[in-house]
Amino acid sequence: NPPYTSDETCFCDFCDETCEKFIYHCSCGLDFHIKCALFTFNIAERKLKELEHVALEDPSFSSKNNGGNLGKCFACWEPLAMYTYFSLDCGFNLHKKCAELPLKMGHVCHRKHPLVLQFNSERLPCKICQVTQQRGFLYGCLPCNLAIHIDCLSPLPVIEDKSHQNPFTLLWRQIPFICDACGTEGHHVAYTCGACSIMIHKKCISLPGIIQHMGHIHRLFHKYFIHKEYFESLNCLWCHEVVDTELGSYFCSDCNVIFHVNCALKLKELYCIVSQENEDDKSLDIPVNSITKVLETNDAGEATLIEHCKHKHYLMLSDKISEHGDKCCDGCLLLISAKFYHCSRCDFFLHKSCAELPKMKLFSKHACGATVFSGLKPLILTSDCMFKCGLCSNLSNGFSYKCNECESQICLRCLDLYLQDAVKIPGHKHPLLFYYDYEELCSACGRDIIRAFRCKGCNLHLCNLCVIRPTRVRNKCDEHILALTYDKVNDYAKYHYCDICEKERDPKHWFYHCETCDTFVHVDCVLGKYSFIKLGSTYNEGNHEHPPTFVKKIHYYPECVKCGEPCEDLSLECAEPGCNYIAHWKCRNQW
């Protein structure tokens, strides 16, 4: 009987079906149905007399052909439809070529001992292709603890592929080689092109020539070598390690971006293959400026008076931060800084960079609701609506880029972050690089992360939320602007408390600080849930008879007309004379 508890299910390691009765079991954890054990034993011992009385089935004329789905051979697990086969009464099907495999054989790739046909019970990777075969038979050497796939022992002498102008010829090697197509080590089986002087893996013959990867906005072309003068950096955009440009890589000539071949193709759900016919198609990559008209310019050629597609009045260029320092940009919802446009007739501000954004943008990190990346989707600049960012999950009423197919929206802060190959944050001298697979604790908030923006030179790794934290914010707890602070300001324990919630604060984590008043506050206490909703802006999506505005009361907290509780947090207030409605934002669905 299977030596497992009643809560555990026993599976046959040959056919993957459930074992419910007697089994053959090994202490190493290997289990077989009786019929599977005897079948594998008979093959290994060449006791196949049963096959002498079984007629061969031709897959193209078989009466058992169920729409081409004949099942798989129990030796090699390739489809039966590929070759003539035996169909046995015991329920096993076997290719004729697999039934005739020799029990032992010598081979040039392993001359020390003969190779024996066996079941891959040790789950060893193939010595030639380095892939671990999960089911079926292979040839192995028990003293040397190695395994070789049946197909790897007899590769084709010549292979032609449409991606290369010349055929590749088989070359057996006794020593390892470096593949010119992917830059990694190969063993024993190599294919060469004498005309191009390259030597590659068998699997690399069919590498896709052009791919679209989620990690980069442009298409990537496979190159066997690249001239170094094209690059400012030779680091792979995925792993950020050096790429040898004399070996194969995926390359974008527009941006000088490069990937290791294995990094670019590591996850199938993050790239798609581009056909040769669409190689030059860049029809979507045409920016259309959101500044619809330039009315005045200065001596430097900057637009000083403009019409913008997202506002009804003219906007003027300014750099007078002192006059408008407490205002926030209607695009990204961050405090105004550097040069900005503003409306002299209403409370509307845009950073110069936000005003110059295109009406449509291609964004490689958006998979359009699918689990597998299928190519770039155009995102459309939108405004005047509430949305939840698909990347940071923050609620906002600023500008966003919206996918019309899946209707998801991305805030400007996340868009700017993920469009950069390297991110600079104030107060840190090195750029931060994005790592798709990196498990650690965020240096800023202490939360677990599975991918990070990381500094290669320092022990700094940030989650996607902390890397977009506003560096300057306003809060009712202090009359001055609070600055995001990374370092210890005061080591005295009495300062390790938040001045808003009055709870203990971890001095190793980031916090907001006012140097003038010596105020210390938690990041979450300052930002709260609604830090990216502009106060005073109009909410046009409700069903109240007058469009209300967003407010946060400071000294006077009227009761919510729906729940009766004081409106201390974000609320909607009707400014129409004689209309005294005010309600929590969380009660909005009750309007």
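Trainee: In what order do the four strands of the open sheet with E38 come?
Mentor: The order is E38-E39-E40-E41, with antiparallel pairing. Strands here are DSSP runs of E with at least two residues, numbered from the N terminus, and two strands pair if DSSP finds at least two bridges between them. Keep in mind that this is a predicted model, where local features need pLDDT of at least 70, side-chain atom pairs count only at pLDDT 80 or more, and totals for chains, interfaces and linings use all residues. Residues are numbered from 1 along each chain as its sequence is written, and side-chain values use heavy atoms, leaving out hydrogens and water.
Trainee: How many bridges link E38 and E39?
Mentor: Three, in the antiparallel sense, and E39 covers residues 478-485. Arg472 stands opposite Ala483 in E39.
Trainee: Switching topic: what's the strand order in the open sheet with E6?
Mentor: There you have E6-E7-E8-E9, four strands with antiparallel pairing. Its edge strands are E6 (104-107) and E9 (146-148).
Trainee: And what is the bridge partner of Cys141 in E9?
Mentor: The partner is Leu146. Strand E8 (residues 137-141) is joined to E9 by three bridges, and these two strands run antiparallel.
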